[in-house]
Structures are given as C-alpha cells and as structure tokens.
Amino acid sequence: RERLGSTGVGNGIAIPHGKLAGVSHITGIFARLETPVDFEALDDQPVDLVFLLLAPEGAGADHLKALSRIARVLRDPDTMAKIRATSEADAIHTLLSQTPPSQQVA
C-alpha cells in the first residue's frame, strides 16, 4: 500500500491499510511508537502513532467506512493528546472507540 503513497497523514499519525487474502474480518491494530519514525508523511513529521487497518479482499464499502471512522478519531487533537498522555491500554482502546467530542452532534 505504501508504494501507492504514504499513509502518514500528518501530526505524527499513520494509517496504513489494505485488503488481504486470509483475513476474515476487518481488524485494527494500534501502536504508539517509543521512537518516532520517518513515514514520508504529508507534513514531513515523524510518526509516533500507527493504526493498521486490515480487511478481507471482498470488504468493499465496509473497509472504507472503517478507514473513515478511524481517520475521524485520529484527527481530533484532544483525543490524540489523551492517547499520547496515557500508557493504559484500556484507556487508549476507549479513546479510539468513542466519537470525539469535537465531532458529536448536539
């Protein structure tokens, strides 16, 4: 996927994604890197937060919906600050699973 263009979206965040044979359902894996890496991101900043999204080959629109959802969560500055400030896996999972306050409908 990276050969098509970097999935480094800026602000230290990368969302590599793709469809893979043998994957039975959409799966996300989050990692916070101890040492940021060059990901050829849009803003040329090193990446310390990576959310890998894998989908079955036939996922179609579900893959795009999942990608859109995680992109919305990861572009919320308050959520990203909280993720970077905690080392608790449960807290990070909760933050990644909720709708960011800046995107909630009143």
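**Entry 1. Secondary structure**

I looked up the secondary structure of the protein chain and found three helices and five strands. I took helices (H or I, at least four residues) and strands (E, at least two) as DSSP runs, numbered from the N terminus. Reading from the N terminus on, I noted the order β-β-β-β-β-α-α-α.

I record here that the model is predicted, that local features need pLDDT of at least 70, that side-chain atom pairs count only at pLDDT 80 or more, and that totals for chains, interfaces and linings use all residues. Residues are numbered from 1 along each chain as its sequence is written, and side-chain values use heavy atoms, with hydrogens and water left out.

**Entry 2. The chain as a whole**

I looked up the accessible surface of the protein chain, which comes to about 6700 Å². Carbon and sulfur atoms account for 54% of that surface. Accessible areas come from the Shrake-Rupley method with a 1.4 Å probe, and for residues only the protein chains shown count as cover.

Of the 106 residues in the protein chain, 33% are buried.

I then turned to contacts (heavy atoms within 4.5 Å). Among contacts between residues at least 6 apart in sequence, 66% join residues at least 24 apart.

**Entry 3. L74 and I13**

I found L74 in helix α1, which covers residues 61-74. L74 counts as buried because its relative accessibility is 4%. Not counting residues up to four places away in sequence, L74 touches I13, I15, F51, M80 and L96.

I13 is buried, since its relative accessible area is 3%. L74 and I13 are 61 residues apart along the chain, yet their C-alpha atoms are separated by 7.5 Å. I also looked up I13 and M80: 67 residues apart in sequence, they lie 9.2 Å apart in space, C-alpha to C-alpha. With residues up to four places away in sequence not counted, the residues that I13 touches include V47, L49, L74, M80 and R84.

**Entry 4. The salt bridge**

How many salt bridges does the count give? I looked for a side-chain nitrogen of Lys or Arg within 4 Å of a carboxyl oxygen of Asp or Glu, and by this rule the count comes to one salt bridge. The side chains of R84 and D48 form it, at 2.7 Å from N to O. This pair links distant parts of the chain, with R84 in helix α2 and D48 in strand β5, 36 residues apart. R84 is partly exposed because its relative accessible area is 35%. D48 is buried, as its relative accessible area is 15%.

I located L95 in helix α3. L95 is buried because its relative accessible area is 11%. Leaving aside neighbours within four places in sequence, I found L95 in contact with V73, T79, K82 and I83. From L95 to V73 there are 22 residues in sequence and 8.4 Å in space, C-alpha to C-alpha.

I next looked up T86, in the loop between α2 (77-85) and α3 (89-97). Is T86 buried or exposed? T86 counts as buried because its relative accessibility is 18%. Apart from neighbours within four places in sequence, T86 is in contact with R32, A91 and I92.

**Entry 5. Charge and backbone in the loops**

I noted a patch of negative charge on the surface, where D38, E40, D43 and D44 gather. Such patches are made of residues with over 30% relative accessible area and no salt bridge; like charges are joined within 9 Å, and nonpolar side chains (Val, Leu, Ile, Met, Phe, Trp, Tyr) within 5 Å. Lys and Arg count as positive and Asp and Glu as negative, while His and the chain ends are not counted. The place of a charge is taken as NZ of Lys, CZ of Arg, CG of Asp or CD of Glu.

D44 is found in the loop between β4 (27-37) and β5 (47-56). D44 is exposed, since its relative accessible area is 66%. E40 is found in the loop between β4 and β5, and E40 counts as exposed because its relative accessibility is 62%. I noted that E40 has a positive phi of about 50° although it is not a glycine.

I also noted N11, which has a positive phi of about 60° and is not a glycine. N11 lies in the loop between β1 (8-10) and β2 (13-14). N11 is exposed, as its relative accessible area is 61%.

Note on methods: Buried < 20%, exposed > 50% of the residue type's maximum accessible area, 1.4 Å probe, protein only.
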